[in-house]
Amino acid sequence: MDKAELTLQPDFSKGHGLLPAIVQDAISGKVLMLAYMNELAWQKTLETGKAHYWSRSRQQLWLKGETSGHVQLVHEVLLDCDLDTILLRVEQVGGAACHTGHVSCFYRRYRDGRWEVAEALKFNPAEVYRS
């Protein structure tokens with residue numbers, strides 16, 4: 001590996017400061033979610049080994065699992081060839097990545113002209129996110 005490879009960083013300028021981060025279960029390979037990272041989220045993820053993202057709706061840094069306890073422990077970090085998409089392979093603590101209580105945010109499946117829920121709940125969101 002040459003020196004350039006050792007100093008690679010995501011090119012946040014391509015996404016106006018935000019890049020997509022695909023999150024995958026490190027063991028099963030199941031896609032758990034898609035989130036966005038800015039440079040701060042990237043740095044915090046590398047520093048702590050826990051996935052951090054940028055919340056576009058709240059306009060703030062977000063530690064995944066901060067409220068629910070369902071943190072993502074990062075096992076591997078990959079960058080695509082254009083340096084504008086991040087892939088995290090994680091251990092999903094609590095077994096569910098989605099705030100709806102499902103394992104994956106991609107729990108809806110289109111089949112035979114209609115949408116169906118493709119996986120059972122892992123937790124009740126009303127109990128986890130009490131206001």
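Predicted model: local features only at pLDDT ≥ 70, side-chain atom pairs only at ≥ 80, totals over all residues.
Entry 1: I began with the strand order. I found an open sheet of four strands, arranged β2-β1-β6-β5, with mixed pairing. I then asked which strands stand at the edges. They are β2, residues 31-37, and β5, residues 72-79; each has a single partner strand, so one side of each is left without a neighbour in the sheet.

**Entry 2: β5 and its partner.** I looked up how β5 is joined to β6, residues 86-92. The two strands run antiparallel, and seven bridges join them. For one residue I traced the pairing individually: Leu73 has Glu91 in β6 as its bridge partner.

**Entry 3: the helix.** I next examined α2, which spans residues 39-48. This helix lies across β2, β5 and β6, and its direction makes an angle of about 120° with β5.

**Entry 4: His52.** I located His52 in strand β3, which covers residues 52-55. Is this residue buried or exposed? The relative accessibility of His52 is 7%, and the cut-off for buried is under 20%, so His52 counts as buried. I then listed its contacts, leaving out residues up to four places away in sequence: His52 touches Met37, Ala41, Lys44, Thr45, Leu61, Trp62 and Leu63. Finally, I checked the polar atoms of the His52 side chain and found one of them 2.8 Å from the backbone oxygen of Lys50.

Methods. Residues numbered from 1 in each chain as written. Heavy atoms only, no water. Pairing = 2+ DSSP bridges. Contact = heavy atoms within 4.5 Å. Axes fitted to C-alpha atoms, helices over the stretch in contact; angles between N-to-C directions. Buried < 20%, exposed > 50% of the residue type's maximum accessible area, 1.4 Å probe, protein only. Polar contact = N/O pair within 3.5 Å; in protein donor to acceptor, adjacent residues only side chain to side chain.
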